[in-house]
Every structure is written in structure tokens, then in C-alpha cells.
Amino acid sequence: LSLPSSMHLIQVDSVQRWMEDLKLMTDCECMCVLQSKPISIEKDEQNELMLSSQYSTCDNLQLLLKRAWIISTELTRIAQKLEKNRWQRVHSMTVRVNCHVRSMVNEYNTFTRNSSEEMHQFEKLLIDKCSEFTAFTERCIQTEDEEILKSMKSCINETLTTVAQHFGQLIELVLTHEAQNLLRQIELSDSVYVTESAISGLFSLTQEGAHLCRIIAKEGGVVTLFKICRQDCFRCLYPQTLRTLASICCVEEGMHQLEKVDGILCLADILTDNSHSEATHAEAAAVIAQITSPHLTFTQHLSSFLENMEEIVTALVKLCQEASSGEVFLLASAALANITFFDTMACEILLQLNAMKILLAACSDKRIVDTPYSRDQVVTILANMSVLDQCASEIIQGNGIQLLMEMLFEKSSSGSSAEVAACERVQQKSAVTLARLSRDPEVADAAVKLSCIPRLIKLCRSPTERNNSDSVLVACLAALRRLAVMSPEGLEDSDFQQLVKPRLVDSFLLCTNMEESFV
């Protein structure tokens, strides 16, 4: 009976999937006995090809990292059990680690065809050390002599440390090897499809944490990716390439590489080139947001940024104005917000570009500014710009006081910790902005008319209104005191006596110890 070709494909896919699942489901002790030997001993090239191509390199690396995480966790647990002299548990866990190490090595060698001699040596060292480790722990469960166990404990501890070191070195070598392979593919290929696949694999690696980003940066990842961003034939890959660059630039090594290849100039060229797609502009904005993040401690060397700042800021304001979605606006406004921390001159440029009016207008469009995260970026820009005297009239003309008042009511709709934190930042920064701007009598008068004082009092007195945030409380007390100077008649005597008259620290302590009344 001949089956249709599609049926053959379904059968092969099912078998391959079962084989893949089996790798993680097989009993560890059985695998240890088998020493992870392959089922077939024949060099069947067709069979090897089928096994190696059943999943992409990216999937294989995920499997490897998953296995590595299991081994790392098990080694930590072995150390804990060893401390408590739980010899039976130590041995069974050592057997399990032995199995996982062999499986990991076997899996990696299945999908890798060009691993180095150095890597094979590390693999052998690790496997030998794991066997030695298992033999040690087996001897421990065969004796009950406390003196013998005590003398063996230090030896086992030493072996455990050596296994952990060899394991760490092997993983480092494997990941470096894979990063090199992907970067080599990008460097040598003129095929859009191959390059896209390699960049996708590289991006997946960056999502595994800062350590992998450092490896990629050290292997020249930033240099290679910026070469792609300078070739018109790869324009369709710019968004993906820039997204990967943003991830790598979260580490210092990535930033240094970016500076060396004039990355800022390249980003400025992309942002100011109107022939690029909005997606490309948005991802370029994301890289700018990353490299100017106020949370990073290594941005001082970005001297070339100042040279290109005016055209970058201009392009980002334009992107905010023309954004077709909330995500694009978020990336552009986040970059602008970070730049206002990075250099005070940026605030003056923003004022000249009429950015205040553009940002305030965007906030009234719920399709564009649709999350607390976006409002957090906008109010950050407003807070940093509010140090300029000219800012007050711009805020009043754009109905900005009304917006700041609304932001004092910011609440999380999902209840997620990230969104709650964003809402707290919005409340805090809107209060800070009000405090700074209320040195202008016209702004203070507008704030009083919009009932900002009762809302600030509520935030001070009700911990749940501010989600028990101390930073929101301090900002609200500061804003309340500034408005009270301009409009003392807006406060009741008890509010004045408790929230305005004492030292700020005393009012703060009073409010943090305040019990809410639900009457």
C-alpha cells in the first residue's frame, strides 16, 4: 500500500517529535548505564542529516541551555545535601548529573559538525570527572564509618568544585563557538534568507541574559550587525538587526564596540532617512533608548552622541508625532526621556522643536498613548523639561496641567507588578512636575482651579491611593507645599498643620504611620 507523500511527512514529523521528547523524558539511571550511547553505530549519513535538521540551531541551543540549567541547579543542590551529610541523596543526584552531562554532550555533538579539539578535550575532562564523582559518592553509601565519611567529604567537595569549573568552561566554550558560527554566517552570506536566520539565532542568544550578550560583543557581534545596517541590500533586515543590537548594548562590552564602529552616526543616519520604514525607525529608537538608559553606569564614553544629538532628538520627536501605534510611540518617547537625563541641552532642543505640544496632543489619543508605560515616558520628559522657565507657558497652552492632574489618578488595570510600578512612577513624576512648574503663579492658579490640592492631600493621607509608595508621598508633599504657598486658602487647617507646616520629614513620618479610615 503506497501512502501519499503528505502522509509520509506527517509520520516522519511525529517520530522525530517523539524522539525529541524522549531525550528529556528518559529515565536518568538507565541513561547512565547506557552511557548515552547512540542507538545506531553505523555512520548512516542520511540518518545523521535527519537528526541534525529536525530542529533549527536555535531550538537545539535552547535544549542545550535547558540541560545546562538543570545541571547547574543539580550541582547547587548536591552541595546543599553534602553539607547535611545526606549521602544517599548526594549519590542519586550525582548519578543524575552524570547522566545529564553525557546527554548534553551527546545532544550537542549531534547537531554540531565542526566543534574544536579543545571542546572535545573539555567534554572528556568533564565526563571523566563526573564518573570519578559518581564513584566517590557510591563508596560513601557503602560505608557507615563516620571517620571515613568525614575524610571523604573534603575530597567530594573538591571534586564537586572541579566538576562545576569544567562544566562552566565547557558551556562558555560551546556558547562562544555558537556565537562565532552565527556571526561567521552573517559575515560570509549574501543571502537575505541565511542572514535573517543567523540574526534570528543571535537574537535568541541575547535573550538568555547579559553573559551571552558579553560573549557576542567580545566576538565582534556589534561590528558585524552594524555592517548589515550599512548595506542597502539588507534593508528588510534592519528592524531585526537593530533589535538584536539593542539587546547586546545592555552590556558595557557592547557599548564600547558601538562607539568603535561609529554606531551613533549610523543610528542618526537611519533615523533621519525618511526612506526607511517606521519599523526600522522604531527599532533604531530602541537602540538609542538602550544606550542612553539612566540605569547604566557606563554611558560617559558616548562622546559622539553629543555631536549627533540635535538631529537624533529631531528625528525622535518626528517619530512621536507620526507614530501609527502605541509601541512605536513608546520606543520613541522612551529614547527622548532617557536623552533628557543624559544631557540638559536636550530639553532646550525639545522646547525649540515644540515637543511639549506634540507630546501633550499624543496623550489625548488613547490609541497612541495607551499604557502607563507610555505615560511614564511622557511625564518623565515633562518633569525634566519643567526646570526651564519657558516651559510653564507651553504647558498651560497645551492643557498640560489637566493631564498632570489626570496622571495623579493613574491606576493599574492588570495588577501586574511591572504595571503597578509604572503607575507609581507616573504619579510621582506628575507631582514632581507640578511642584517645579508651580513656581509660576499662572500654573499654580490653574492647578488650584483643577482641584489638584485635594487630590494631593488624598495621595498623602491614603496609602492605598499611592500603593504605599514613599517616593509618591514625598513628591506629593513637595507639590502640596509649593501650591500652599501660592494658594493657602485651598487647605483646611488640619491639612496645613500636618502636611505643610512641619518639616517635610515629620509630615512624611506622620503619613507613613497613618491608619486609613474606611468610615
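## Second largest pocket

Nineteen residues, written 19 in the count, line the second largest pocket, and Ser293, His295, Ala334, Asn338 and Gln377 lie nearest its centre. A pocket here is an open set of points on a 1 Å grid over the protein atoms alone, where a 1.4 Å probe fits, with protein on both sides within 12 Å along at least five of seven lines; lining residues have an atom within 4 Å of a point. The volume of the second largest pocket is about 500 Å³, a volume being the space filled by probe spheres set on the grid points, which are joined across faces, edges and corners.

At least two lining residues each come from helix H11 (238-248), helix H14 (278-291), H16, helix H19 (372-385) and helix H22 (417-437). H16 supplies the largest share, five residues. By class, the lining comprises eight nonpolar, six polar and five charged residues; Ala, Val, Leu, Ile, Met, Phe, Trp, Tyr, Cys and Pro count as nonpolar, Asp, Glu, Lys and Arg as charged, and the others, Gly among them, as polar.

## Model and overall fold

The model is predicted: local features need pLDDT of at least 70 and side-chain atom pairs pLDDT 80 or more, whereas totals for chains, interfaces and linings use all residues. Residues are numbered from 1 along each chain as its sequence is written, and side-chain values use heavy atoms, with hydrogens and water left out.

The protein chain has 27 helices and zero strands; these are DSSP runs numbered from the N terminus, with at least four residues (H or I) for a helix and at least two (E) for a strand. Of its 519 residues, 49% are buried, where buried means under 20% relative accessible area, exposed over 50% and partly exposed in between (1.4 Å probe, protein chains only). Among contacts (heavy atoms within 4.5 Å) between residues at least 6 apart in sequence, 74% join residues at least 24 apart.

## Aromatic and charged side chains

One aromatic pair is counted, the criterion being rings of Phe, Tyr or Trp (its six-membered ring) with centres within 6.5 Å; planes under 30 degrees apart are stacked, over 60 edge-to-face and the rest tilted. Phe305 and Phe342 form this edge-to-face pair, at 5.1 Å centre to centre and 90° between the planes. Because Phe305 belongs to helix H15 (residues 303-322) and Phe342 to helix H16 (residues 326-342), the pair ties together parts 37 residues apart in sequence. Phe305 is buried, at 0% relative accessible area, while Phe342 is partly exposed, at 22%.

Arg455 lies over the face of Phe409, 4.0 Å from the ring centre; the criterion is NZ of Lys or CZ of Arg within 6 Å of the ring centre and within 35 degrees of the ring normal. Another arginine, Arg67, is located in helix H4 (residues 57-83) and is buried, at 2% relative accessibility.

Helix H24 (residues 452-461) is largely enclosed by the rest of the structure, because seven of its ten residues are buried. These are Cys452, Ile453, Arg455, Leu456, Ile457, Leu459 and Cys460. They pack against helix H21 (400-407), H22, helix H23 (441-449), helix H25 (470-486), helix H26 (493-500) and helix H27 (504-512).

Ser451, in the loop between H23 and H24, has a positive phi of about 65° although it is not a glycine, and is partly exposed at 38% relative accessible area. Asn468, in the loop between H24 and H25, likewise is not a glycine and has a positive phi of about 60°; Asn468 is exposed at 55%.
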